[in-house]
Amino acid sequence: MASPIPIYILMGTAGCGKTSVAEAMQKRLQCEYIEGDQLHPPANIAKMSAGVPLEDEDRWGWLETIRDEMTSIVTKLQQEKQAAAGDNGRFALIVTCSSLKKVYRDILRGVPASVGTVTFVYLKGSRELLGQRIGSRQGHFMASAMLDSQWNALEEPDPAQERCIIASIEPEPAVIADHVIALAGLA
């Protein structure tokens with residue numbers, strides 16, 4: 001059996017650049033990519049669009065859906081990897097999900113270890129910078145007023161307790177992506 005597929009979950013509050021960095025990583029690696037927000041049920045999107053923060057009860061099913069989708073994709077990738085000659089970054093999975101609390105990350109880490117290894121990439125920035133970024137976004141369902149809710153809920157990952165990479169959001173997304181790829185050993 002082929003070795004487990006690395007899964008990199010880009011996490012952080014709204015405005016940290018999860019999607020921009022993930023897209024840059026996906027383009028560079030030519031690997032699979034899951035935009036976690038696209039897996040939200042309609043009720044969650046309606047709630048957030050109305051400026052109502054999600055409760056834990058709103059998130060459990062969504063997080064389980066992301067975990068199950070990750071498991072399905074890495075199982076397929078592992079089979080492809082076993083059949084392929086050689087190994088490269090193409091056999092990786094990039095995921096975006098706010099993953100604000102450790103209990104949420106615990107659910108996402110539920111991918112069987114035989115098929116995938118989960119590493120969180122915490123895109124860390126100041127409250128002020130995040131607020132500026134959200135204020136300048138257009139066409140996203142996350143209302144800027146909800147940043148306070150996410151900021152207050154955030155439990156930063158501890159590298160001593162969780163497999164994670166912490167990256168500053170100050171550089172451009174492509175620079176952050178290259179930095180994360182290098183730290184992950186995928187370069």
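Trainee: How many residues does helix α7 have, and how far does α7 reach from its first C-alpha to its last?
Mentor: Keep in mind that this is a predicted model. Helix α7 runs over residues 173-184, so twelve residues, and reaches 16 Å, close to the 16 Å expected at 1.5 Å a residue.
Trainee: Which residues of α7 are buried?
Mentor: Those are I176, A177, V180 and I181. They cover an arc of only 135 degrees around the axis, which puts them on the same side of α7. In general, an α-helix has 3.6 residues a turn, so residues three or four places apart point the same way.
Trainee: What do the buried residues of α7 pack against?
Mentor: They pack against α1 (18-29), β4 and β5 (164-168).
Trainee: And what follows α7?
Mentor: G185 does, and its phi is positive, near 75 degrees.
Trainee: Switching to aromatics, how many aromatic pairs turn up in a search of the whole structure?
Mentor: One. W60 and Y104 pair edge-to-face, with 5.7 Å centre to centre and 75 degrees between the planes. The pair links distant parts of the chain, since W60 sits in helix α3 and Y104 in helix α4, 44 residues apart.
Trainee: Is Y104 buried or exposed?
Mentor: Y104 counts as buried, because its relative accessibility is 2%. W60, at 28%, counts as partly exposed.
Trainee: Last one: where is A113?
Mentor: A113 lies in the loop between α4 and β4 (116-124), and is exposed, with a relative accessible area of 59%. A113 and I5 are 108 residues apart in sequence but 9.1 Å apart in space, C-alpha to C-alpha.

Note on methods: Residues numbered from 1 in each chain as written. Predicted model: local features only at pLDDT ≥ 70, side-chain atom pairs only at ≥ 80, totals over all residues. Heavy atoms only, no water. Phe/Tyr/Trp six-rings, centres within 6.5 Å; stacked < 30°, edge-to-face > 60°. Helix = DSSP H or I, 4+ residues; strand = E, 2+ residues; numbered from the N terminus. Buried < 20%, exposed > 50% of the residue type's maximum accessible area, 1.4 Å probe, protein only. Expected span 1.5 Å × (residues − 1). Arc of directions from axis to C-beta. Contact = heavy atoms within 4.5 Å.
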